[in-house]
Amino acid sequence: MKKIAKLLCLLLIGALLLTGCDLGIVGDAIEAAGDQVKSKTFTNAGVTMTLTSKFLDFTSTATNTEEYDFLYASEDHAVFGMKEMKADLADFGALTAQTYGDLIASLYALDVQTQEKDGKYTYNYEVEDEDGKLTFVCLFLETEDAFWFIQASCPSDKYAADQADIWSWLSSATIG
């Protein structure tokens, strides 16, 4: 089966090259389908994260609809983030990354409290939709003029096995 998939990918690449198409996300998809999973660095909107080569960047695609400042996804995982300017949150008083996380939880009626883990502020929650249960892990970062709300999600039945990887991805986030 792997040989057939690789052959189909090669044929697709050949067809795209012959028609003069830019590989763009197709090239990323081919890389993501590779046998070896390796670290891959993504940077968008000033946020750099280390994920794996299984992730694709959907930030500038119709999938994102400009809702998120960045959006990455793999077969079972998504990582996405939004920046909120502190000036836009002035009505909520003086906030820290921790109280910003609590504010988000309150606004979305989540029964969680922001906790400190490895010097970063986080919580997780679970939702159920038509596709089943999803677990979201949230990270809250603060800069001089903004807060970042970064989330990773996966099917809840995979969360226990992937929890360490998800935290590794989120905690790799740096703002430049």
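**Helix, patch and sheet**

Modeller: Let's start at Leu107, which lies in helix 3, residues 97-107. Keep in mind that this is a predicted model.

Biologist: Is Leu107 buried or exposed?
Modeller: Leu107 counts as exposed because its relative accessible area is 54%, and exposed means over 50%.

Biologist: Which residues form a nonpolar patch with Leu107?
Modeller: Phe92 and Tyr108 do.

Biologist: What comes just after helix 3?
Modeller: Ala109, with a positive phi of about 55 degrees.

Biologist: Let's switch to the sheet. What is the strand order?
Modeller: The order is 3-4-5-9-8-7-6. That makes seven strands in an open sheet, with antiparallel pairing.

Biologist: Which strands stand at the edges?
Modeller: Strand 3 (56-57) and strand 6 (115-117). Each has a single partner strand, so one side of each has no neighbour in the sheet.

Biologist: How many bridges join strand 6 to strand 7?
Modeller: Three, in the antiparallel sense. Glu116 has Tyr121 in strand 7 as its bridge partner.

Biologist: Stay with Tyr121. Which residue of strand 8 stands opposite?
Modeller: Phe140. Strand 7 covers residues 120-129 and strand 8 covers residues 132-142. They pair antiparallel over nine bridges. The two form a hairpin, with two residues between them.

Biologist: How do strands 8 and 9 pair, parallel or antiparallel?
Modeller: Antiparallel, over nine bridges, with strand 9 at residues 146-155. Strands 8 and 9 also form a hairpin, with three residues between them.

Biologist: What holds paired strands together in general?
Modeller: Strands of a sheet pair through backbone hydrogen bonds.

Biologist: New topic. What is the mean pLDDT of the protein?
Modeller: It is 85, and 80% of the residues reach 70 or more.

Biologist: Which elements have the lowest and highest mean pLDDT?
Modeller: Helix 1 (residues 2-19) is lowest, at 39. Strand 9 is highest, at 98.

Biologist: Where does pLDDT stay under 50?
Modeller: Over residues 1-23. The model has eight contacts beyond four places in sequence for that stretch. Where pLDDT is low, the predicted coordinates should not be read in detail.

Biologist: Now the whole chain. How many helices and strands are there?
Modeller: Four helices and ten strands. From the N terminus, the elements run α-α-β-β-β-β-β-α-β-β-β-β-α-β.

Biologist: How much of the protein counts as buried?
Modeller: 36% of its 176 residues. The accessible surface comes to about 10,400 Å², and 53% of that belongs to carbon and sulfur atoms.

Biologist: What about contacts between residues at least 24 apart?
Modeller: Take contacts between residues at least 6 apart in sequence: 42% of these join residues at least 24 apart.

Terms used:
Residues are numbered from 1 along each chain as its sequence is written. This is a predicted model: local features need pLDDT of at least 70, side-chain atom pairs count only at pLDDT 80 or more; totals for chains, interfaces and linings use all residues. Side-chain values use heavy atoms; hydrogens and water are left out. Patches are made of residues with over 30% relative accessible area and no salt bridge: like charges are joined within 9 Å, nonpolar side chains (Val, Leu, Ile, Met, Phe, Trp, Tyr) within 5 Å. Accessible areas come from the Shrake-Rupley method with a 1.4 Å probe; for residues, only the protein chains shown count as cover. A salt bridge is a side-chain nitrogen of Lys or Arg within 4 Å of a carboxyl oxygen of Asp or Glu. Buried means under 20% relative accessible area, exposed over 50%, partly exposed in between (1.4 Å probe, protein chains only). Two strands pair if DSSP finds at least two bridges between them. pLDDT is the predictor's confidence in each residue, from 0 to 100. Contact means heavy atoms within 4.5 Å.
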